[in-house]
Amino acid sequence: MKILIYSAKDFEIPFLEKANNDVYQVKYIPERLTAKTAVLAMGFDAISIFSADIASSQVLERLKGFGIHYIALRSTGYDNINLITAKKLGIKVANAAGYSPYAIAEHAVSLLLALNRNLIRANEQVHAYNFSLSNLVGFDLHKKTVGIVGVGRIGKTIAKIMHGFGCKILANDLYKDQEAEKDYKMAYTDLGYLCKEADAIFLCIPLNSKTHHLIDANYIQYMKKEVILINIARGAIVNTKDVLQALESNKISGYGADVYEEESGIFFYDHSKDTPKDEVLKRLIEQPNVLLTPHQAFATKEALMTIAETTFYNVNCWQQNIPSKNELTLELVG
């Protein structure tokens, strides 16, 4: 089986090579998968893509015409691929589910701590030999209320960490995890109440038609003025313009995010010499109470190894003509 790895990053290639162990013929290219670059897959049996790649219906049809039968995602999320079209075309798709909830959860808590304790501002001041504390006052997380929207693997790991801080935890999810509810003393509630009571809110839900722009002006109006909102899910979970308006009017205290709604083609690349013409992104970056990281939460050695191993596990299953436990197209009807 010949495999083309789209969006291959220098830091992940060694992990992928180790996981492959010279079993398959693999080519790594830095280009993202788009309608234009789909032609690069000609002559390959399978491709692997990342969250920045675009696998729309049009792209999938082109890939099918070029002989692609398998797509291995190097991510848990799959909102960038049209699974229904893939199923119709007979293209098998599998993701790298649950590769490291610790990597994502720890990054999410880092965002909260950095915003709360003004670490970025403190670092800038110290570098300017300004040792004043006037702009650096935060609050104890101990005994504060933390809201977690989406209590899957990542949400549960965040709950475990925040329980260790001594926080009261409110949870919002379609399903109750009774074990986590007991272990971390979580109270499940509706989203409106969670927004009203929480001092910090973590967004950990997948992006779909129901969660698109879930956090907007309607829910922001319930939030405390001191609340810090953390998004390590997908950028489009929030209405970024509504969040910006709330930040600029001091309706909420801070926003920490590892994602951005229009990050495709921007995140993962060095644009220091060709600044993107995105006014919303510019406003977001310029906010003193915003901490934006470039979708790096997954970037730990442990997570990268697991992603690589899962990618080739999926390929091995297809090569042996057995279903992968991560296969997404098997779940679809039709």
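The questions and answers below concern this predicted model.

Me: Which residues of helix H1 are buried, and on how wide an arc around the axis do they lie?
Reply: Helix H1 spans residues 13–20, and its buried residues are Phe15, Leu16 and Asn20. They are on the same side of H1, because the arc that they cover around the axis is only 130°.

Me: Is Thr211 buried or exposed, and what is its relative accessible area?
Reply: Thr211 belongs to the loop between strand S9 (200–203) and helix H9 (217–220). The cut-off for a buried residue is under 20% relative accessible area. Thr211 therefore counts as buried, its relative accessible area being 12%.

Me: Which backbone atoms lie 2.8 Å from a polar atom of the side chain of Thr211?
Reply: Beyond four places in sequence, Thr211 touches Ile205, Pro206, Ala236 and Ile237. For Pro206, the atom that lies 2.8 Å from a polar atom of the Thr211 side chain is the backbone oxygen. At 2.8 Å from a polar atom of that side chain there is also the backbone nitrogen of Asn208.

Me: Which helix gives the most to the lining of the largest pocket?
Reply: The largest pocket holds about 1400 Å³ of space. Its lining comprises 44 residues, of which Thr76, Cys204, Ile205, Pro206 and Leu207 are the closest to the centre. Helices H4 (101–116) and H6 (153–164) each supply at least two lining residues. The greatest contribution, four residues, comes from H6.

Me: How many residues in the lining of the largest pocket are charged?
Reply: By class, this lining has 22 nonpolar and 14 polar residues. The number of charged residues is eight.

Me: Which element gives the most to the lining of the second largest pocket?
Reply: The volume of the second largest pocket is about 490 Å³. Among its 23 lining residues, Leu115, Asn118, Arg121, Pro288 and Asn289 are the closest to the centre. At least two lining residues come from each of H4, helix H5 (119–127) and strand S12 (290–292). The element that gives the most, with four residues, is H5.

Me: Where is Asp199 found, and which residues is it in contact with?
Reply: Asp199 is in the loop between helix H8 (191–197) and S9. With a relative accessibility of 13%, Asp199 counts as buried. Leaving aside neighbours within four places in sequence, its contacts are Phe139, Lys144, Thr145, Lys224, Glu226, Val227 and Ile228.

Me: Is Lys143 buried or exposed, and what is its relative accessibility?
Reply: Lys143 is in the loop between H5 and strand S6 (145–149). Its phi is positive, near 70°. An exposed residue is one over 50%. Lys143 thus counts as exposed, with a relative accessibility of 68%.

Me: What is the phi of Lys185?
Reply: Lys185 is placed in the loop between helix H7 (178–183) and strand S8 (186–188). At 63% relative accessibility, Lys185 counts as exposed. Although Lys185 is not a glycine, its phi is positive, at about 55°.

Conventions. Residues are numbered from 1 along each chain as its sequence is written. This is a predicted model: local features need pLDDT of at least 70, side-chain atom pairs count only at pLDDT 80 or more; totals for chains, interfaces and linings use all residues. Side-chain values use heavy atoms; hydrogens and water are left out. Buried means under 20% relative accessible area, exposed over 50%, partly exposed in between (1.4 Å probe, protein chains only). The arc is that of the directions from the helix axis to the C-beta atoms. A polar contact is a pair of N or O atoms within 3.5 Å; within protein, one must be able to donate a hydrogen and the other to accept it, and residues adjacent in sequence count only if both atoms are side-chain atoms. Contact means heavy atoms within 4.5 Å. On a 1 Å grid over the protein atoms alone, a cavity is a set of points where a 1.4 Å probe fits but cannot get out, and a pocket is an open set with protein on both sides within 12 Å along at least five of seven lines; lining residues have an atom within 4 Å of a point. Grid points are joined across faces, edges and corners, and a volume is the space filled by probe spheres set on the points. Ala, Val, Leu, Ile, Met, Phe, Trp, Tyr, Cys and Pro count as nonpolar, Asp, Glu, Lys and Arg as charged, and the others, Gly among them, as polar.
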